[in-house]
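Here are my notes for anyone opening this entry for the first time. Have the 3D view ready and go through the points in order.

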Amino acid sequence: MEARKSKPIGKLVAYGIGSVGLYTAVYLCQDLIMDNFAKGGLYTALPIATVFLFSWIHGTFAGTLWQVLGIDAVKKAPAQATVSAPARKDSRPRATVSA
Amino acid sequence: MDMLSEATKFITLDPAGIGFLFIVGFIGGLVSGFIGSGGAFVLTPGMMSLGVPGTVAVASNMCHKFPKALVGSIKRYRYGQVDIKLGLYMAAFAGVGVQVGIKIQNYILGLWGQAGSDLYVSVSFVAVLVIVGGFVMLDAIKSSKNSCATEQTCSLALRLQKIELWPMINFKRANLRISMWFLLPVGFATGLLAATIAVGGFIGVPGMIYILGASGLVASATELVIAFVMGLAGSINWAMHGMVDIRLTLIILAGSLLGVQLGAIGTTFVREHMIKVVMGTIMLIVAVSRGFAMPKYLAKLGLMEVSDSTVAILEKASFAFMVVSLVVGAVIILGSMVKGRKALAPQGQEA
């Protein structure tokens, strides 16, 4: 059976390399990272920026991986399934012009 | 700030420890991508069992939560399930709840010490999980018997939506209009619970479903926005004190970013009541887990006599039940995804 649409193998490989690169960098520079990331104060930006970077690179890799494996959303979810209360009639007195 | 560097000296990140954090991260991500919360409650005690000090475990856990919630909410936003406005309102009120929750914790700590504080956390945990989890589970069973495809809005929510109490707020994506005075306590309780048991979603999601009238899909997806905002604020707070061990955070993140996206995809495969089934099941099993932890605190307060060996066994049983709750949740999610795929397969072949 042929695939319905082409799978983003290139994207998977690119972000996969990026993800592995980031994790290798953290592993190799463990001491430097541990010395600086937990200093607090202005250094707070370091761990926060790091997790944002990882969530972009590794997150894109993870999403693409499921896509390549053929596991993707099957339908647009019916988000508007709730029944809201019927609109109430405005019973406030109104000024009317009787001419 | 020296605490972390001291602490890291005795954290051994061996392959078994890394593997454990990765797998729990993945399963926790899968569950939170699906029901909007959960998973993190196993990671803190899990990390502590690897020798990580409590505060570092909590901080590192929280620091993985917000990027996971961000990725999950982006994914579910694409499926049209996230109401950002509702999430931001809830997060703002939850922020107030967190501050009050911390004040209550400190008051109890000052009054009864650590054991009293632990007991308060465990009692709140069990009470919320049994009452709310039981209610969610009953509703899930009722919904599964219901033949209609779409979820029914709870009559309480419908009644509250009819009350025109200024200011009224419109939520387009969630398709509801409700007074801020009903939104506020739900958000506040979410924050209060997050500050007490670290899983605010156990109140936030049912609150959005049964009190505000959002669907299970929208509530669970919107919870990810709340988790992101609160997680980011909490992580900055912990990181300011130098408590985040970025290596631990990144290992958990490696697994959870895979899991959270799979969980988000899963919501498009299954019938809507499945979110309630998974949430109710996890909450009830975790309640049992916390029940096992209670004798230890009662003994410390002198309210009960328990031997050390019994406490050790109960602690192990408590942790095992927490892991079981996640695994059962993951099995239900994956099982219903496979079932959903099979049900759709004939249509796909015909097309």
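1. Start with the largest nonpolar core, which has 103 residues. B:Phe41 and B:Phe202 are the ones with the most contacts inside it. Helix H5 of chain B, residues 84-145, gives the most to this core, with 13 residues. Keep in mind that you're looking at a predicted model.

2. Now click on B:Phe202. Leaving out residues up to four places away in sequence, its neighbours include B:Phe41, along with B:Leu129, B:Val132 and B:Leu193. B:Ser37, B:Met279, B:Ile282 and B:Met283 touch B:Phe202 too.

3. On to charges: how many salt bridges are there over all chains? The count comes to 4. One of them pairs B:Lys276 with B:Asp139, with the closest N and O atoms 2.8 Å apart. This pair links distant parts of the chain, since B:Lys276 sits in helix H11 (residues 273-300) of chain B and B:Asp139 in helix H5 of chain B, 137 residues apart.

4. Is that pair buried or exposed? B:Lys276 counts as buried because its relative accessibility is 3%, under the 20% cut-off. B:Asp139, at 15%, counts as buried as well.

5. Have a look at B:Arg247 and B:Asp245 next. Their side chains meet in a salt bridge at 3.2 Å, N to O, and both residues are buried.

6. B:Lys296 and B:Glu315 form another salt bridge, with the closest N and O atoms 2.5 Å apart. B:Lys296 lies in helix H11 of chain B and B:Glu315 in helix H12 of chain B, so the pair ties together parts that are 19 residues apart in sequence. Here B:Lys296 is partly exposed, at 22% relative accessibility, and B:Glu315 is partly exposed at 38%.

7. Then there's the interface. On it, 57 residues of chain B are in contact with 42 residues of chain A. The two chains bury about 4,200 Å² between them, 68% of it on carbon and sulfur atoms. Between chain B and chain A there are 0 salt bridges, but 11 residue pairs are in polar contact, both residues being at pLDDT 80 or more.

8. Which helix gives the most to the side of chain B that touches chain A? H10(B) does, with 11 residues. By type, the residues of that side divide into 32 nonpolar, 14 polar and 11 charged.

9. Finally, chain A itself: 3 helices and 0 strands. Of its 99 residues, 32% count as buried. Among contacts in chain A with a separation of 6 or more, 79% come from residues 24 or more positions apart.

How values were computed
Residues numbered from 1 in each chain as written. Chains lettered and ligands numbered in written order. Predicted model: local features only at pLDDT ≥ 70, side-chain atom pairs only at ≥ 80, totals over all residues. Heavy atoms only, no water. Contact = heavy atoms within 4.5 Å. Buried area = accessible area lost by both parts, 1.4 Å probe. Polar contact = N/O pair within 3.5 Å; in protein donor to acceptor, adjacent residues only side chain to side chain. Helix = DSSP H or I, 4+ residues; strand = E, 2+ residues; numbered from the N terminus. Nonpolar A, V, L, I, M, F, W, Y, C, P; charged D, E, K, R; others polar. Core = buried A, V, L, I, M, F, W, Y, C linked by side-chain atoms within 4.5 Å. Buried < 20%, exposed > 50% of the residue type's maximum accessible area, 1.4 Å probe, protein only.
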